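Good morning, colleagues. Please look at the model now on the screen; I shall take you through its strands and then turn to confidence.

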Amino acid sequence: MAADSIQIRMQAERDLERKGYRFISRQKCAFCGREFEWWRTPRGKLIPLTACNLEPHWRICGRAFRNKKPSMQTAGYFRQF
Ligand SMILES: [Zn+2]
């Protein structure tokens, strides 16, 4: 179970890096309390990915982004560790 989720996470990380995504930093979402990570896309934008599975964080926490993809600026909903 725990091993499976680590595998999911590692596979997702490999896929992202192969596509040219780069890890920037991990933060805790001040809205839902889950950890998420900022990744830089190949086109230079920042996207927040839920830490456990590296899916876009707005899929499970849309209200934190007002149901929109975030801009380059980190929103006030988030705080750095
Ligand atoms: Zn959240």
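**Hairpins, fold and confidence**

I begin with a turn: in the hairpin formed by strand 2 and strand 3, Gly44 adopts a positive phi near 85 degrees, and 5 residues lie between the two strands. Please bear in mind that this is a predicted model.

Which way do strand 1 and strand 2 run, and how many bridges join them? They run antiparallel, with 6 bridges between strand 2 and strand 1, the latter covering residues 22–29. Here Phe23 faces Trp39 of strand 2 across the pairing. The hairpin of strand 1 and strand 2 has 5 residues between its strands, and in it Gly33 takes a positive phi near 85 degrees.

The secondary structure consists of 1 helix and 4 strands, in the sequence order α-β-β-β-β. Of the 81 residues, 14% are buried. Considering contacts between residues at least 6 apart in sequence, 40% link residues at least 24 apart.

Finally, confidence. The average pLDDT of the protein chain is 81, and 74% of the residues reach at least 70. Residues 74–81, however, have a pLDDT below 50, and this stretch makes 14 contacts in the model beyond near neighbours in sequence.

Thank you for your attention.

Key
Residues numbered from 1 in each chain as written. Predicted model: local features only at pLDDT ≥ 70, side-chain atom pairs only at ≥ 80, totals over all residues. Pairing = 2+ DSSP bridges. pLDDT = per-residue confidence, 0-100. Contact = placed C-beta atoms within 7 Å. Buried ≥ 20, exposed ≤ 12 C-beta atoms within 10 Å, placed from the backbone.
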